[in-house]
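Okay, thanks for coming, everyone. Let me put the structure up and then walk you through it.

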Amino acid sequence: KKKKKKKGTHHLHYNSQMTHSYGYPLALCGLYTASVIVAVFLFHEWSDNKWTHRLVMGVEYTLIMMCVLRIMTTCCGKVTTRDRGSGRCSKCEIQRPDRSHHCRKCNTCVKMFDHHCVMLGTCIGSDNFRPYALLQLYTLVFIPHYFYSVWMYLNPSIAYERPPLTLTRFGVGLAITLLSITSVVFFIFTVDTAIVTYETISKNQTSHERKYLPEADYDTGSLFRNISVFMGSNKCFWLVPFSSGEADSHANKAGRL
């Protein structure tokens with residue numbers, strides 16, 4: 001005889017399938033780390049205020065790593081039995097809060113589902129949206145700072161100060177070339193995604209809603225309240241790459257504001 005499945009437990013199978021992929025995130029961390037090492041070397045070559053530049057670059061790098069690690073180690077906001085809502089997932093067979101969506105790659109429902117990020121190996125939802133948005137912001141500051149160090153290093157006006165060419169300096173030159181090409185491509189990609197991210201935040205939308213549910217209108221009429229849904233109600237923590245729990249509570253009410 002076939003055993004009957006207990007009603008309300010089917011979703012446990014789907015939630016258990018949710019895993020993180022660490023390959024791409026680690027490669028991303030490697031790119032940032034290599035950029036910092038090269039930039040620090042270049043600051044030593046040309047800058048009189050090298051410790052100032054190193055400190056600024058170090059702060060930028062630390063904030064970026066905090067964002068990446070936070071995204072990698074934090075649950076995206078998957079729906080659990082404690083969550084209640086008017087919606088129902090036909091795949092998980094559970095009730096879910098408004099604005100939740102089932103991710104086919106993670107096989108689970110995610111609150112305030114934005115998208116599944118291949119580069120970070122996880123879904124972007126209510127619990128990790130803030131560090132994701134800040135990662136884009138900090139990257140848009142970090143990469144131009146890196147290119148500034150490269151440009152100053154290649155500036156003809158300070159060429160006479162450079163020591164003779166050595167194997168080490170040749171390796172640095174090769175690293176600069178490869179990192180610069182990669183950084184340009186990554187910078188363009190980040191600009192494109194950041195425009196979409198911050199445009200949707202300002203309208204109280206997720207990327208998923210913007211693409212698949214354009215008729216859904218969650219705009220509260222206030223830019224501050226729209227941003228608060230994703231970043232938390234306390235403006236002092238908007239630039240801190242940690243979830244405060246406020247964004248999640250707002251997310252559950254976002255569809256009824």
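I'll go through the salt bridges, then an aromatic pair, then the pocket.

Quick housekeeping: this is a predicted model, so keep in mind that local features need pLDDT of at least 70, side-chain atom pairs count only at pLDDT 80 or more, and totals for chains, interfaces and linings use all residues. Residues are numbered from 1 along each chain as its sequence is written, and side-chain values use heavy atoms, with hydrogens and water left out.

Take E209 and R99, where the closest N and O atoms are 2.7 Å apart. E209 sits in helix α6 and R99 in the loop between β2 (94-96) and β3, so this pair ties together parts 110 residues apart in sequence. Helices here are DSSP runs of H or I with at least four residues, strands are runs of E with at least two, and both are numbered from the N terminus.

Are those two buried or exposed? E209 is buried at 3% relative accessibility, and R99 is buried at 8%. Buried is under 20% relative accessible area, exposed is over 50%, and partly exposed is in between, with a 1.4 Å probe and protein chains only.

R99 also lies over the face of Y218, 3.9 Å from the ring centre. For that, NZ of Lys or CZ of Arg has to be within 6 Å of the ring centre and within 35 degrees of the ring normal.

The other salt bridges link E199, K203 and R210 in a network. K203 to E199 comes in at 3.4 Å between the closest N and O atoms, and E199 to R210 at 3.7 Å. E199 is in helix α5 and R210 in helix α6. K203 is partly exposed, at 39%, and E199 is partly exposed too, at 28%.

On to the rings. Y32 and F186 form an edge-to-face pair, 6.1 Å centre to centre with 75 degrees between the planes. The rule takes rings of Phe, Tyr and Trp (its six-membered ring) with centres within 6.5 Å; planes under 30 degrees apart are stacked, over 60 edge-to-face, the rest tilted. Y32 is buried at 2%, as is F186 at 13%. Ring pairs link Y32, F142, F186 and F189 into a cluster.

Last, the lining of the largest pocket. A pocket is an open set of points on a 1 Å grid over the protein atoms alone, where a 1.4 Å probe fits, with protein on both sides within 12 Å along at least five of seven lines; lining residues have an atom within 4 Å of a point. Of the 31 lining residues, the closest to the centre are D114, H115, H116, C117 and S207. Helix α5 gives the largest share, seven residues.

Conventions. A salt bridge is a side-chain nitrogen of Lys or Arg within 4 Å of a carboxyl oxygen of Asp or Glu.
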